[in-house]
Amino acid sequence: MPEPDDSNDDRDVQPDGGEPHADGGTVTDEDLPVDPPHEDEDDHGHGLPDMSSIKRWLVTTNHKDVGILYTVTAMFFLLFGGMLALLMRLQLWAPRAAGAGPLSAAAYNQAVSLHGLLMVFWFLSPFAFGFANYVVPLQIGAKDLAFPRLNAMSYWLYLASGILVGVSFFQSGAFPGGWTMYAPLNIPAYTPGVGATTSVLGLMLFTASVTIGGVNFITTMHRMRAEGLTMRRLPLFTWSILLTVWMMLFAFAALLAALIILSSDRILGTTYFAAQSAGGSLLWAHLFWFFGHPEVYIVFFPALGAMAEIFQTFTGRRIVGRKWFIGAMLLVAIQSFVVWMHHMFLTSINLPIKTLFMATTIGISLPFDLMVFALIYTMIKGRIRFTVPFLYAFGALFLFIIGGITGVFLGAVVLDYEFRGTYWVVAHFHYVMVGGVTALIGALYYWFPKMTGKMYDRFLGKLSFVLYFVGFNLLYFPMFVAWETPRRVFDYPEAFAPWHKLATIGAFVLGLSFLLTVYVIGKAVFVGEEAEDNPWAYSTTAEWAVPSPPPLENFPGLPSYGDGKLSFRPESAADGGEAAPDGGVAATEGATPAAHDDHEEEHVSHASIWPFVTGVAALFTFFGLSGIQNAQLIDGPWGMVHLAALVFGAVLGLGAFVAMGLEEFDAPTGPFGESWPFSSTSNTTTGMWVFLASDVVLFGAFIGSYVFIRVAFGWTAWEPIPHNSLPGLINTYLLLTSSFSVVLALVAAERNSTRGIVASMLVTLLLGIGFLVNKGIEWFELLHEGIWLSTNIRASTFFLTTGLHAAHVIVGLIIATYMIVRAWRGAYLDDEAPLEYFGLYWHFVDIVWLFLFPLFYII
Amino acid sequence: MSHAKLYTWIYVVLFVGATVQVGVEYAGLLEPGTYVAAVAAIIVLSLVKAVIVAAYYQHLRWEQRSLSYLMGMGLLAALALTIAASYSIT
């Protein structure tokens, strides 16, 4: 066996002389408590084909498989985004006129925009979530995520969204208006291409994927932790992911609102972001940056968590000030939502708010200072081993410090007036974001032996770091020197040409280092040495206590930290290891009762084709939607192609959801010991509420947009679009009554009355249809009067906001129809939980209307 | 009081609340002088109704308090965006 670590010989000695500290318990200073079987021996089948089969990767819902899928796919998008970056750098080799370099003016704009979009959305977060998927369940002692099929669906929607962006290049060009998609450049008047719409829709689909993933991770990490694994004892990487998914939940909901509005402007013809609309361009900036600043931390936190893990493992020292480090991360996660306007200092926002946001921005740098010093002091207190992962993590800290300090300049209003729109900004955020990438490449080298069971060539790994570090600084540091170069354009003063030449050379060196990394790990996968289960001395987290790679269900028993160290207890249904349906409304009935009554050890499911089918359906649906402009199909045969794709995708998607509901699928459920703060609600109930919280932000952003536009327009000068509030009042009555009838359905279920359930749900359905018919009549009359969603901004807000609500009603009615059929066949008598879940959704739709009604009809 | 009875009373309260909101408009209170008070009354009524639906129909009252805090966080985020963005207008 090769030497697994540069200094594995002293693994029994704590270099700092202290006791071994555990992040949620450790097994590093003794033998594994059991000798669990490797994957092949442990695989009970579970309907999951072998890993060498393509089918395995299409049907798998196992978190480790999904983690690998995310990692590999994200690396593909890294190459995609990287190629665009290299093209840009070639163009910038010298200042030259449009078309004089390798790229035309239009191609340069697309390359700049899509490079940013692909790297931020399709590479960075998914790359981190590859590790999160793989490692977090292992670190918290769970067999899988709470909703494994939703996890697979997140991945397939992510891939579909990325393919859509790729397709957009072939539809007369991808979105060319910059990654921030500022208004009014983002509307068809300025970016009319079909491909631009496809890029926007691709991002919207990505947002849906993230929201589903966020709900899943939040539910899992709060509800399914092993006994004794309290929040204070969570490993730092898991902490960083937990805070990341919380930020994602709220931030991406705001982005979803922004993208729905933008898609509506592009597809239906609303006028939110039109240049002449009150507050239009400023509204986009608010929505985008309300998401966009938390996004910086969403991207960086997993890297920070990985850095913390790597620092601890390779200094052999628990991080200094651990609880303060966690507290600082928590503070940043909260503060991240109150700094967004520092991206808008050059817009027309007023000076008092600029001053306030300058203060909050300076404030957010303080917790980061604490984290940086904690990492530095950990190195001083520990004994460093310069392994490949550590080199990358250490490099990341160095780069992040430069990125952080240069960012403080931008937080100051007066300096920002000078720096905004220059290469100072470009250099700063690349030092931060790609600094994060540096740590994540370290994470790849750190967890690679666990994920594959193979060890890579360490010399080549170190060589890749040298190339990376040299290439990185050669690429980005000259940008600080030539900071006066205008951002996003290909022309610049001749005096800066030498610096840009250096940067271009650096870009190729950096690119080479990525290729070397791909070679190193690719070679290791096929011909690498076998890795030990725990190749790193002083690793302290649970993933290193199981084989490399871990078996399908991770642990040889039920993990417990009850006595301060990781141990495995015998597993039985009574321990809470019982499998339960993963949230499909009908799956509760789908599971065979015999399987549940029998208290023999049960196994969760790991295979379903429907998440993949959903991804395919989404791809077709969103591609189809991109062929609509101003509520009309584009001309020619392509219009029909888009229509056919839309219909096919919608039907396929509906079928996939129904099939998923009917499928027998058992997911692990909690609690397994620790489930604060959701100990008394089931996984599905928790997941529903978490989803609804994101929906609060979605509708909140819509209502906020309405309020913002109305304030900009002149509050009292604004007349409601409907002339009469009575149709709205009737709809309020209809919805309130339908909410009441859902409550009665639940009461009927408690009384074991099938007729009662069916009758109540039928009433709900009819009232919901009545609501839509009433709304349809109202809209038809408005149309008859010549008022449509493109008429003016007042009409746009009315039709789109109430239309989004109507879409929620339609989704609810589809679910209600499905549930009526099942109730008719006797479902929900023994288990009324699905009715409860539907009720949570339906009442939420009701609550939203309680606000929309006065805002759009009365005031 | 049985749950069914409680739910029925809540339904009546919600129904009346919605009617009162329109009543404020029909009473001519949305005119200069009483406009701000009338708008405030209408919004507060909506808030009260929403809280009642969440507390009783969605059973938040009987659930762990953490779920209420979760929804509060969402609401706070939306309010922060709305208020700060609207205030920023020059």
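How much area is buried between chain B and chain A, and what percentage do carbon and sulfur atoms give? The model is predicted. In it, about 4,800 Å² is buried between the two chains, and carbon and sulfur atoms give 75% of that area.

**The interface of chains A and B**

Three helices of chain B each supply at least two residues of the side that touches chain A: H1 (3-26), H2 (35-57) and H3 (65-87). The largest share comes from H3(B), with 16 residues. By residue type, this side of chain B divides into 32 nonpolar, 13 polar and three charged residues. In total, 48 residues of chain B are in contact with 61 residues of chain A.

What does the rule find in the way of salt bridges across this interface? It finds zero between chain B and chain A. Polar contact is present, however: 17 residue pairs across the interface, both partners at pLDDT 80 or more.

**A helix pair in chain A**

Within chain A, helix H4 (residues 105-140) packs against helix H13 (residues 423-452). Their axes are 11 Å apart, at an angle of about 35°. Is the crossing of H4(A) and H13(A) left-handed or right-handed? It is left-handed.

The H4(A) side of the contact includes Phe123(A), Phe127(A), Phe131(A) and Tyr134(A). Val120(A), Leu124(A) and Ala128(A) are also among the H4(A) residues that meet H13(A). From H13(A) come, among them, Met433(A), Val437(A), Leu440(A), Ile441(A), Leu444(A) and Trp447(A). Each helix also brings a histidine: His115(A) in H4(A) and His430(A) in H13(A). Residues of this contact divide into 18 nonpolar, three polar and one charged.

**Backbone features in the loops of chain A**

Which residues do the cis peptide bonds join? One joins Gly670(A) and Pro671(A); another joins Trp676(A) and Pro677(A). The table gives their omega values.

| Cis peptide bond | Omega |
|---|---|
| Gly670(A) and Pro671(A) | about -5° |
| Trp676(A) and Pro677(A) | about 5° |

Both prolines have loop positions. Pro671(A) sits between strand E9 (666-668) and strand E10 (673-674) of chain A. Pro677(A) lies in the loop between E10 and helix H20 (683-713) of chain A.

Tyr538(A) is a further backbone feature. Its phi is positive, about 70°, although Tyr538(A) is not a glycine. Where is Tyr538(A) placed? Tyr538(A) belongs to the loop between strand E3 (529-530) and strand E4 (558-560) of chain A.

Terms used
Residues numbered from 1 in each chain as written. Chains lettered and ligands numbered in written order. Predicted model: local features only at pLDDT ≥ 70, side-chain atom pairs only at ≥ 80, totals over all residues. Heavy atoms only, no water. Contact = heavy atoms within 4.5 Å. Buried area = accessible area lost by both parts, 1.4 Å probe. Salt bridge = Lys/Arg side-chain N within 4 Å of Asp/Glu carboxyl O. Polar contact = N/O pair within 3.5 Å; in protein donor to acceptor, adjacent residues only side chain to side chain. Helix = DSSP H or I, 4+ residues; strand = E, 2+ residues; numbered from the N terminus. Nonpolar A, V, L, I, M, F, W, Y, C, P; charged D, E, K, R; others polar. Axes fitted to C-alpha atoms, helices over the stretch in contact; angles between N-to-C directions. Left-handed = near helix turned anticlockwise from the far one by under 90°.
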